[in-house]
Amino acid sequence: MLFKRRTKYYKIAAAAKVLTAMIPMNGVRIFKFEGREICVGRNESGFHAIKNKCPHQGYSFAGGACSDSGKMVCPIHRYGFDLETGRGAGSAVDVYKFEERQDGLYVEVSYVSIF
């Protein structure tokens, strides 16, 4: 097989309470890892992570909002993308899962590699 699906884990914070202090309710924060930008948002249901690039025109979600209705809202055109599926505005954005470990909170990023 030429293409392989791979997974990387990026440590976002030492604990959930640290991330809570970093991101206000319904706010977002951008994290950068190895050339990837991940947008982490917080709402009533917890933390959510998506690719930091609105598929509509490629703008950052920085300055946007993580709504209690389960959407990540782009600050430019106000399009909302579902935090579970990534779908919205006729397209979709990559959604990442969180994993809590003994040493911190991680985001799981899956990607396709040719090696």
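Visitor: Why is arginine 101 called partly exposed?

Guide: This is a predicted model, and the value is computed from it. Arginine 101 has a relative accessible area of 32%.

Visitor: What makes arginine 101 and glutamate 99 a salt bridge?

Guide: Their closest N and O atoms are 2.8 Å apart. The cut-off is within 4 Å, between a side-chain nitrogen of Lys or Arg and a carboxyl oxygen of Asp or Glu. The pair therefore qualifies. Glutamate 99 is partly exposed, at 27% relative accessibility.

Visitor: How many salt bridges does a search of the whole structure find?

Guide: Three. One of them joins lysine 8 and glutamate 34, with the closest N and O atoms 2.6 Å apart.

Visitor: Why does the lysine 8 and glutamate 34 pair tie together parts that are apart in sequence?

Guide: Lysine 8 lies in strand E1 (residues 4–13). Glutamate 34 sits in the loop between strand E2 (28–33) and strand E3 (36–43). The pair therefore links parts that are 26 residues apart in sequence.

Visitor: Are lysine 8 and glutamate 34 buried, partly exposed or exposed?

Guide: Lysine 8 has a relative accessible area of 28%, so it is partly exposed. Glutamate 34 has 58%. Exposed means over 50%, so glutamate 34 counts as exposed.

Visitor: How do you know that glutamate 37 and lysine 32 form a salt bridge?

Guide: Their side chains meet at 3.6 Å, N to O. The limit is 4 Å, so the pair counts. Lysine 32 is exposed, with 63% relative accessible area. Glutamate 37 is partly exposed, with 32%.

Visitor: Why is serine 113 called buried?

Guide: Serine 113 has 13% relative accessibility. Serine 113 is in strand E11 (residues 104–113).

Visitor: What is serine 113 in contact with, leaving aside its neighbours within four places in sequence?

Guide: Leu2, Phe3, Lys4 and Arg6.

Visitor: What makes valine 112 exposed?

Guide: Valine 112 has a relative accessible area of 52%. The threshold is over 50%, so valine 112 is exposed. Valine 112 is also found in strand E11.

Visitor: Which residues make the nonpolar surface patch of about 420 Å²?

Guide: Leu2, Phe3, Val112 and Ile114.

Methods: Residues numbered from 1 in each chain as written. Predicted model: local features only at pLDDT ≥ 70, side-chain atom pairs only at ≥ 80, totals over all residues. Heavy atoms only, no water. Helix = DSSP H or I, 4+ residues; strand = E, 2+ residues; numbered from the N terminus. Buried < 20%, exposed > 50% of the residue type's maximum accessible area, 1.4 Å probe, protein only. Contact = heavy atoms within 4.5 Å. Patch = residues over 30% accessible without salt bridge, like charges linked within 9 Å, V, L, I, M, F, W, Y side chains within 5 Å. Areas by Shrake-Rupley, 256 points an atom, 1.4 Å probe, with all protein chains shown as cover.
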